[in-house]
Amino acid sequence: NLTTWHTGTSAYGCSYLQNDIEVIADAINGIGLRADDHGNDHYLSSPIIISSQSFQTNGIINTAGDKDVFRLDLNTTTNFKLTALPESVGSANSGANLDVKVSLLDISGDTINRYNPSDFLNAGIDTTLHASTYFLVVEGVENINLLDYGSLGYYSLSGTLAVVLPLTKFNLTASQVNHSANLRW
């Protein structure tokens, strides 16, 4: 259940082509696109503000080439969970017009991983990160129902950080006692 933008034939006939986004972006029509809300690379990234081990932020992907980049500064090893949701009108992303892809970059801007499940419009991350600076890149992508051209819209990011418990040494031994396993660690 996905909405999209159209580029192709118009109501005036098959030989009249219309690009919905160009029509909206045209200042002559008096509408125009919203200004870019976040930088497109890690040099112009927006900081993620962490409060009580969690964060919430949002943005808009307003052109096919738009990327929103966020900086995440961690001072300790942590379990990092992120949910990226396109704005929708119902459950299971109903009526969304953005297929969200999130990339995780290291301090140098090199890609660690990309998160874009093929069966969902939303994306998520659940991983352990070491103390460092990271970047999250949010962008709209195509899928089997939608071209990259029309993967535009609002989204929200929410995340949590949790302490990773240290494990210094773990020994497991097993023995059999009267047909039962006796485990020790």
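Two strands are said to pair if DSSP finds at least two bridges between them. In this predicted model, strand β5, which covers residues 67–74, and strand β10, which covers residues 132–140, are joined by 8 bridges and run antiparallel. Within this pairing, L72 stands opposite Y134 in β10. In general, strands of a sheet pair through backbone hydrogen bonds, either parallel or antiparallel.

The β5 and β10 pair belongs to an open sheet of 5 strands, whose order is β3-β5-β10-β7-β8 and whose pairing is mixed. The edges of this sheet are taken by β3 (46–47) and β8 (111–115), and because each of them has a single partner strand, one side of each is left without a neighbour in the sheet.

The C-alpha trace spans about 85 × 40 × 25 Å along its principal axes, and the radius of gyration is 22 Å, whereas a compact globule of 185 residues would have a value near 16 Å. Among contacts between residues at least 6 apart in sequence, 68% join residues that are at least 24 apart.

As for the surface, 36% of the 185 residues count as buried, where buried means under 20% relative accessible area. The protein chain exposes about 11,600 Å², of which carbon and sulfur atoms supply 52%. Its charged side chains comprise 18 negative and 8 positive ones, and the centres of these two sets lie 18 Å apart.

Methods: Residues numbered from 1 in each chain as written. Predicted model: local features only at pLDDT ≥ 70, side-chain atom pairs only at ≥ 80, totals over all residues. Heavy atoms only, no water. Rg over C-alpha atoms; globule rule 2.2 N^0.38 Å. Buried < 20%, exposed > 50% of the residue type's maximum accessible area, 1.4 Å probe, protein only. Contact = heavy atoms within 4.5 Å. Areas by Shrake-Rupley, 256 points an atom, 1.4 Å probe, with all protein chains shown as cover. Lys, Arg positive; Asp, Glu negative; His and termini not counted. Charge placed at Lys NZ, Arg CZ, Asp CG, Glu CD. Helix = DSSP H or I, 4+ residues; strand = E, 2+ residues; numbered from the N terminus.
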